[in-house]
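User: I'd like to go through a model with you. Can we start with the terms and then look at the helices?

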Amino acid sequence: MLPEEIDRWTAVLRQRREVLAGRDSAEVAEIDAALERLQAGTFGQCLRCGRAIAAGRMQAQPGAATCLACQELAERQRSFISLPAA
């Protein structure tokens, strides 16, 4: 990632964090983690599969840590686990 891109994403994430501070602690934690990934050079890479997260997903949810396919898989796994026993 180019230095200009890092600066832009840092500004986007910090601005979003300021807006959410005190309202949504889970999303603030996501943003803090995204800032750490930005500094580590792994921002925009899925934490599950390692592939690039689509630009549209990053624009819509800058704190996203997984690609859409991995996010959907995780949600299906959570819903399967939470199904009541018959």
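Analyst: Buried means under 20% relative accessible area, exposed over 50%, and partly exposed in between (1.4 Å probe, protein chains only). This is a predicted model, where local features need pLDDT of at least 70 and side-chain atom pairs count only at pLDDT 80 or more, while totals for chains, interfaces and linings use all residues. Residues are numbered from 1 along each chain as its sequence is written, and side-chain values use heavy atoms, with hydrogens and water left out.

User: OK, is Arg17 buried or partly exposed?

Analyst: Arg17 counts as partly exposed, at 30% relative accessibility.

User: What does Arg17 meet in a salt bridge?

Analyst: Asp32, at 2.5 Å from N to O. A salt bridge is a side-chain nitrogen of Lys or Arg within 4 Å of a carboxyl oxygen of Asp or Glu. Asp32 lies in helix α2 and Arg17 in helix α1, so the pair ties together parts 15 residues apart in sequence. Helices are DSSP runs (H or I, at least four residues), numbered from the N terminus.

User: How many salt bridges are there?

Analyst: The count is two. Arg16 forms one with Glu27, the closest N and O atoms being 3.0 Å apart. Glu27 is buried, at 19%, and Arg16 is partly exposed, at 28%.

User: New topic: which residues in α1 are buried?

Analyst: Trp9, Thr10, Leu13 and Leu20. Seen down the axis of α1, the buried residues fall within an arc of 105°, so they line one face of the helix. That arc is taken from the directions from the helix axis to the C-beta atoms.

User: And which are exposed on the other side?

Analyst: Among them are Pro3, Glu4 and Asp7.

Note on methods. Helix = DSSP H or I, 4+ residues; strand = E, 2+ residues; numbered from the N terminus.
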